[in-house]
Amino acid sequence: MKNTDSYSHLRGESLYIDDLNTQQGCLFGLVFDAPLAHAKILELDYAKAETIDGVVKIFTYQDIPGQNQIGGIIQDEPLLAENDIHYWGQPIAFIVAKSDAIAKKARQLISLKTEALPVITTATEAFKKNEFVCAPRSFKMGNTVNAFKTCDYIFEADTFSNGQEHLYLETQGAYAECGENSKIKVTASTQGPTQVQKAIAKVLGIGMHQIEVDVIRLGGGFGGKEDQASAWAALVALATNHLHKPVKLVLNRHDDMRMTGKRHPYESTFKIGLTKDLKIQAFEATFLQNAGAAADLSPAIAERTLFHATNAYFIKNVYTKVLSCKTNLPPNTAFRGFGGPQGMFVIESAIAKAAEMLNIPAYKIQEANLLQENDAFSYGQIATQVEAKNTWQTAVKDFDFEKEVKLVAQFNSHNDALKKGISVMPICFGISFTNTPMNQASALVHIYQDGSIGFSTGAIEMGQGVNTKLKQIVAQTFGLSLNKVLVETTNTTRVANTSPSAASSTADLNGKALQIACITLKNRLSVIAKAELNTTDKAIYFKDQAVYNLQNKESIAWETLIQTAFLKRISLTEQAYYVTPIINFDKTAEKGQPFAYHVYGTAISTVTVDCLRGNYAIDSVKIIHDFGKSMNLDIDMGQVEGALAQGIGWMTSEELVYDKNGRLLSNALSTYKVPDVYAMPKIVVVKALESEGNEMALLKSKAVGEPPLMYGIGTYFAIQNAIKAFNKNYCLKFDAPLTPQKVLKNLYNAFKNNS
Ligand code: LUZ
Ligand code: MOS
């Protein structure tokens with residue numbers, strides 16, 4: 001079954017914020033933002049801008065009736081700057097005008113006098129100055145200090161992985177209208193409508209009940225709209241509340257790239273200890289997370305780095321620590337993988353380093369340490385239904401890994417200017433919000449009198465196909481065709497107190513709630529059907545828009561059943577609620593069972609490096625992925641391919657650059673290179689592992705959004721191996737992304753292999 005949105009997408013009929021038919025008299029917003037990264041505001045003068053014909057009002061923090069605060073986890077983020085500026089691009093004022101063009105003119109006339117303060121752009125600088133957004137966290141298992149004493153080999157190194165621009169196709173935006181009784185309706189491009197509702201209530205100093213947030217769909221989120229969609233919605237709500245007019249704000253690409261946070265850059269160090277049999281005995285890592293100027297989701301992201309610091313390996317003695325460093329960059333935020341990829345990059349670097357020093361391929365170490373059934377993670381959860389070895393061995397066998405390795409070696413011995421590299425990348429990703437209370441969802445289902453069904457959940461469709469999966473649940477439960485089923489927008493008035501669509505858990509959580517509602521309705525209808533068909537509950541089944549009696553194949557049409565139920569005064573509406581069972585986490589002990597289950601997989605990547613130019617092609621990425629029992633393989637395959645592309649981009653070409661003053665230089669698609677069709681592997685093979693799935697996954701179909709992004713890490717190490725095949729003196733560097741510029745330097749720089 002294809003994604004049910006494909007038709008309207010293809011015809012350009014799908015609705016995004018900027019496509020909405022706005023109400024008459026709609027005004028347009030534009031943000032005036034900080035033109036430097038750290039400063040005291042001495043004077044903000046917008047008198048001249050406000051005199052322009054068509055400028056309705058310019059809002060500053062002084063116009064905020066409630067609290068000037070949009071911080072989620074920690075209350076440290078003003079909506080509009082008051083006396084200080086903490087990052088380049090920080091919103092200072094909100095211009096509302098009769099047109100975008102007028103607002104732009106006004107923006108140029110605003111003048112700002114400031115006193116510049118020293119700027120911190122890197123995590124290390126912040127660390128040295130003791131600047132953090134929250135307390136450090138550390139996970140511990142066994143005793144690394146003692147374990148290192150028993151190791152035959154110990155290796156240490158520094159690593160860096162850069163941030164990543166979300167580059168959702170639809171930029172951030174929101175549209176507000178006023179209703180009766182001071183009610184405000186905001187249509188937003190957000191992964192978290194309840195968070196937006198909360199932020200607006202706080203900024204306006206009114207109750208959440210006075211705000212309705214509606215989300216049709218997003219043109220991509222990738223985490224960038226989990227916590228960072230609130231500001232824009234709060235600004236239009238602020239203006240609508242004050243002016244009693246509809247107001248729209250859609251950021252242009254430059255504004256969006258400059259003003260919003262990204263994936264966190266991490267500067268990390270590791271120490272890995274092995275015995276002669278290649279078993280990793282001990283692993284220590286310190287992660288310096290570049291949080292930016294406010295906490296945003298950084299504490300939760302930091303935590304997930306620790307959860308994934310040992311990837312798909314079992315290591316008996318682990319000590320990992322993460323520090324969220326406060327810098328003068330835009331607050332960095334959720335991005336597909338949520339700190340997990342940064343953690344996995346470090347353990348993979350550690351293994352690559354050990355392999356280099358021991359002069360063996362990294363996959364020997366990887367394979368010797370794969371997680372097995374009942375192994376413990378450093379946070380106390382016991383691994384069950386482990387597919388690490390299974391996916392690894394299946395990949396090695398199905399993709400003829402031994403032969404691939406030989407072919408690469410052969411190629412390299414016959415070519416001087418071109419070198420190939422190969423790598424294996426296993427993944428293990430925990431499914432659930434690590435903050436246990438967030439693992440809840442609800443759904444509302446209406447069966448109308450004609451038998452058609454409309455339903456709502458807290459799930460946000462952002463291109464990942466969740467609406468299709470949800471429709472499948474309804475249609476399957478009632479034995480109906482899809483055209484009888486409609487997914488409504490995600491709306492805080494219909495489904496309240498929702499968790500954001502994030503953590504790969506949207507289909508699991510919302511789908512389970514929806515399933516419960518549908519089953520309850522079905523049970524209720526079964527009573528009627530049983531009476532009509534003169535049989536027992538067990539003997540009836542719903543199929544092909546009818547209910548059948550198993551014994552005599554007699555049936556009643558679905559529509560007839562619904563009419564009968566209505567006349568008998570049976571409720572055709574159901575609301576249901578789901579929480580993930582079992583999960584828990586004790587932050588004091590840093591132990592628990594935070595995840596419902598884990599997703600596994602293994603990718604084999606082969607690359608060819610042009611050793612004269614430094615550029616490279618990814619020949620192939622072949623993946624065995626643990627989908628469980630996929631409920632929609634088209635959609636799930638799409639997620640794997642998309643995530644792989646995004647992972648490859650993060651690891652190879654997407655180079656985020658801020659200058660020393662905290663100004664984003666890579667602020668356009670001409671200076672920030674996202675993977676295009678040429679950057680994709682020439683061959684992508686994704687094969688589903690035959691596995692049982694997990695009860696806590698929707699229909700045992702495992703969560704698929706984030707885990708496959710980490711396959712991209714494999715290409716980083718494949719390129720490294722190709723460089724090494726050319727430059728025998730090359731000493732592995734862990735500095736992602738590995739752009740062609742860096743590759744070229746590495747091909748010709750002779751590094752001393754100083755162990
Ligand atoms: N968001 C969140 C996430 O709030 N908590 C999580 O654990 C998470 N994990 C992945 C992506 N987003
Ligand atoms: Mo996310 S990084 O699941 O919003």
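Guide: A salt bridge is here a side-chain nitrogen of Lys or Arg within 4 Å of a carboxyl oxygen of Asp or Glu. The model under discussion is predicted. Side chains of opposite charge can pair when their charged atoms come close.

Across the whole structure, 31 salt bridges are found. One of them joins the side chains of arginine 107 and aspartate 255, with an N to O distance of 2.9 Å. Arginine 107 belongs to helix 3 (residues 100-109) and aspartate 255 to helix 8 (residues 253-259), so this pair ties together parts that are 148 residues apart in sequence. Both arginine 107 and aspartate 255 are buried.

The side chain of lysine 700 meets that of glutamate 692 in a salt bridge of 2.6 Å, N to O. Lysine 700 also forms a salt bridge with glutamate 695, at 3.5 Å, N to O. Glutamate 692 has a relative accessibility of 42% and therefore counts as partly exposed. Glutamate 695 is exposed, because its relative accessible area is 58%, and the cut-off for that class is over 50%. Lysine 700 is partly exposed, with a relative accessible area of 22%.

Alanine 147, located in helix 5 (residues 144-149), is buried, with a relative accessible area of 7%. The C-alpha atoms of alanine 147 and phenylalanine 283 are separated by 9.2 Å, and the two residues are 136 residues apart along the chain. Helix 6 (residues 193-204) and helix 7 (residues 230-243) have axes that come within 9 Å and cross at roughly 45°. That angle makes helix 6 oblique to helix 7. The crossing of helix 6 and helix 7 is right-handed.

The backbone also deserves attention. Most residues other than glycine have a negative phi, and most peptide bonds are trans. Phenylalanine 222, although not a glycine, has a positive phi of about 60°. This residue is placed in the loop between strand 11 (211-215) and helix 7, and phenylalanine 222 is partly exposed at 29% relative accessible area. Asparagine 497 likewise has a positive phi, near 55°. The loop that holds asparagine 497 runs between strand 20 (490-491) and helix 15 (506-533). Asparagine 497 is exposed, with a relative accessible area of 58%. The peptide bond from alanine 736 to proline 737 is cis, with omega near 5°. Proline 737 is found in the loop between strand 30 (735-736) and helix 19 (740-748).

Finally, the surface has a nonpolar patch formed by Leu612, Leu744 and Tyr748, which together have about 300 Å² of accessible area. Leucine 612 sits in the loop between strand 27 (597-610) and strand 28 (616-625). At a relative accessible area of 57%, leucine 612 is exposed.

Conventions:
Residues are numbered from 1 along each chain as its sequence is written. Chains are lettered from A and ligands numbered from 1 in the order in which they are written. This is a predicted model: local features need pLDDT of at least 70, side-chain atom pairs count only at pLDDT 80 or more; totals for chains, interfaces and linings use all residues. Side-chain values use heavy atoms; hydrogens and water are left out. Patches are made of residues with over 30% relative accessible area and no salt bridge: like charges are joined within 9 Å, nonpolar side chains (Val, Leu, Ile, Met, Phe, Trp, Tyr) within 5 Å. Accessible areas come from the Shrake-Rupley method with a 1.4 Å probe; for residues, only the protein chains shown count as cover. Helices (H or I, at least four residues) and strands (E, at least two) are DSSP runs, numbered from the N terminus. Buried means under 20% relative accessible area, exposed over 50%, partly exposed in between (1.4 Å probe, protein chains only). Axes are lines fitted to C-alpha atoms, for helices over the stretch in contact, and angles run from 0 to 180 degrees between N-to-C directions. Angles under 35 degrees count as roughly parallel, over 145 as roughly antiparallel, 65 to 115 as roughly perpendicular and the rest as oblique. A crossing is left-handed if the near helix is turned anticlockwise from the far one by less than a right angle, and right-handed if clockwise.
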